[in-house]
Amino acid sequence: MISEPEAPGWAQPGTDLSGSTVLVVGGAGGAGEGVTRALLHADATLVATARTQSKLNDLAARRTHSNLHIRQLNLLAAEQVAGNSPLAVSVLRYFAERDRSPGPTSPDFL
């Protein structure tokens, strides 16, 4: 018999992630939606991405939450991961600035 794996620390009951911003690539379907639900339950601000807007719209309809932000992102499309993508630039800028200065910042991709 296979034992059920223990959930990671951030998914444990009672975990408080308020003040944390999390980007979930593929957060609109399958396992990604499970991660999305767990993070929202822990009160994280969440940016869920998917390749298609319709999957994101379906997610937003199922999971109405003020901390949920959806953005279309196709990592297989060169123009979306190259320097010209507003989302890619915003994500990279946010993490670069966060690593340079302590304290909360507000990512412009929200």
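Select Glu33: at 9% relative accessibility it counts as buried, where buried means under 20% relative accessible area, exposed over 50% and partly exposed in between, with a 1.4 Å probe and protein chains only.

This is a predicted model, where local features need pLDDT of at least 70, side-chain atom pairs count only at pLDDT 80 or more, and totals for chains, interfaces and linings use all residues. Residues are numbered from 1 along each chain as its sequence is written, and side-chain values use heavy atoms, leaving out hydrogens and water.

Stay with Glu33. It sits in helix 1. Now show its contacts (heavy atoms within 4.5 Å). Setting aside residues up to four places away in sequence, Glu33 touches Gly27, Ala28, Leu59, Arg62 and Arg63.

Next, zoom out and colour by secondary structure. The protein has four helices and three strands. They follow the pattern β-α-β-α-β-α-α along the sequence. Helices (H or I, at least four residues) and strands (E, at least two) are DSSP runs, numbered from the N terminus.

Now select the largest nonpolar core. It has 14 residues, and Leu39, Leu46, Leu59 and Leu68 have the most contacts inside it. Helix 1 (31-41), strand 2 (45-50), helix 2 (53-62) and strand 3 (68-72) each supply at least two of its residues. Strand 2 gives the largest share, three residues. Such a core is a set of buried Ala, Val, Leu, Ile, Met, Phe, Trp, Tyr and Cys residues joined through side-chain atoms within 4.5 Å.

Finish on Leu46. Leaving aside neighbours within four places in sequence, Leu46 is in contact with Val22, Val24, Thr36, Leu39, Leu40, Asn67, Leu68 and His69.
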